[in-house]
Amino acid sequence: MAATTSTSGHPTGPAPTPGQTRRGDRPPTRTPVRVAVLAGGGLLLLAVVVLSLVLGARPLPLAEIWPGLTDPDAEAYRVVRQMRVPRTALGVLAGVALGLAGAMMQSLTRNPLADPGLLGINAGAAAAVVSAITFFGITSLLGYVWFAFAGAAAVAAAVWTIGGGRVANPARLVLAGMAVNVALIAYVNAVQLLDTASLERMRFWTVGSLAAPPPGTALRLAPFILVGVVLVALLAQPLNLLAMGDETARALGGRPGLTRAVTVVAVTLLCGAATAGCGPIAFVGLIVPHLVRRFTGPDLRWLLPTCALVAPALLLGADVLGRVLGRPGELQVGIVTAVLGGAFLVFVVRGGRRLWL
């Protein structure tokens, strides 16, 4: 069924088929439900952080976690403080970045399938980092970050242009993103084959992993992600206005052009920093906003903070699951999230579920 489109680019046609969305026909969400979901997200994240410190190739009793955090003479100090804390911190930061980026992209493009991984933005950042390692000899994390920003921004602009720009519909954007994504993955694989000496360093930017981050990774990425989070917070109300259409947003004091531009900057910061730290990880930015939106509704003032709690819980939970299933080694978190994301899409398609905006 072809949906008609208004001059503002928003669908106004007949009722959506399964997989399409319509904002006006969802049930209202009450504030107590939103508060409960926000609190539940916080408790879920806290529980997963504890699991991330406890579980691994060598499981630790819960009683050893506090000495492992505070006592350098404790037997568990090296495992907890030097290995699992950096990994957990990176997972929390990357999860926040990917969850917020997915929610922002879905709101900006009015596309329920908009995800930094599915639209090729993470792959663009990964391809830029791989190029930096192979052709420019970059070895520092801060060097990776700037290349990741450039790659993410270039792919975002390319997908937006190929998909039709302001008249793009969700299907065209997804197809354009998938085409760019496949091409970039092929490029990354080709570069790895040509430069086997750098294969180990590039491995993270192929599938995504939180394992053994270089010392200080989370601290170095935190300023970039913090700036992105601040921009996201400032954009919540302007994007709510933009959801009503450009003309209505202008009438209510909004500035659609500026809102779109700053949103792209925020998404680039978040995706670029997350990918520089742990490689391309898909589906977190797709799954979490859909799950959260069913309870909070489309208001970004509630959706965004809840996503910032649930997304890192999902990413860290996938990392813990990979450690448990892959013993004595581990499955990289990018593989686990890909499996979960594929199952989520099958559930949506087979169950005829609507993807809400």
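In which helix does V339 lie? V339 lies in helix 14, where helices are DSSP runs of H or I of at least four residues, numbered from the N terminus. The model shown is predicted, so that local features need pLDDT of at least 70 and side-chain atom pairs count only at pLDDT 80 or more, while totals for chains, interfaces and linings use all residues. Residues are numbered from 1 along each chain as its sequence is written, and side-chain values use heavy atoms, with hydrogens and water left out.

**View 1. The overall fold of the protein chain.** The secondary structure comes to 14 helices and 0 strands, a strand being a DSSP run of E of at least two residues. Along the sequence the pattern reads α-α-α-α-α-α-α-α-α-α-α-α-α-α. Of the 357 residues in the protein chain, buried residues make up 50%; buried means under 20% relative accessible area, exposed over 50%, and partly exposed in between, with a 1.4 Å probe and protein chains only.

View 2. L321, L325, L331, I335 and V339 make a nonpolar surface patch of about 430 Å². Patches consist of residues with over 30% relative accessible area and no salt bridge, with nonpolar side chains (Val, Leu, Ile, Met, Phe, Trp, Tyr) joined within 5 Å and like charges within 9 Å. Accessible areas come from the Shrake-Rupley method with a 1.4 Å probe, and for residues only the protein chains shown count as cover. The elements that give two or more residues to the nonpolar patch are helix 13 (300-325) and helix 14 (333-351). V339 is exposed, with a relative accessible area of 56%.

View 3. The structure holds 4 salt bridges, each defined as a side-chain nitrogen of Lys or Arg within 4 Å of a carboxyl oxygen of Asp or Glu. One of them joins R87 to E330, with the closest N and O atoms 2.6 Å apart. This pair links distant parts of the chain, since R87 belongs to helix 3 (residues 77-109) and E330 to the loop between helix 13 and helix 14, 243 residues apart. R87 is buried at a relative accessible area of 9%, whereas E330, at 34% relative accessibility, counts as partly exposed. A further salt bridge is formed by the side chains of D319 and R323 (2.9 Å, N to O); both residues lie in helix 13, 4 residues apart, about one turn of the helix. D319 and R323 are both buried, and R87, D319, R323 and E330 are linked in a network of salt bridges.

View 4. D299 itself forms a salt bridge with R301, the closest N and O atoms being 2.8 Å apart. In that pair D299 counts as buried at 14% relative accessibility, while R301 is exposed, with a relative accessible area of 52%.

View 5. Because 13 of its 16 residues are buried, helix 4 is largely enclosed by the rest of the structure. G124, placed in helix 4, is buried with a relative accessible area of 4%, and its C-alpha atom is separated by 8.9 Å from that of P280, 156 residues apart along the chain. Helix 4 is followed by G137, whose phi is positive, near 65°.

**View 6. The backbone at F283.** F283 lies in the loop between helix 11 (256-278) and helix 12, and its phi is near 80°, a positive value in a residue other than glycine. Most residues other than glycine have a negative phi. F283 is buried, with a relative accessible area of 14%.
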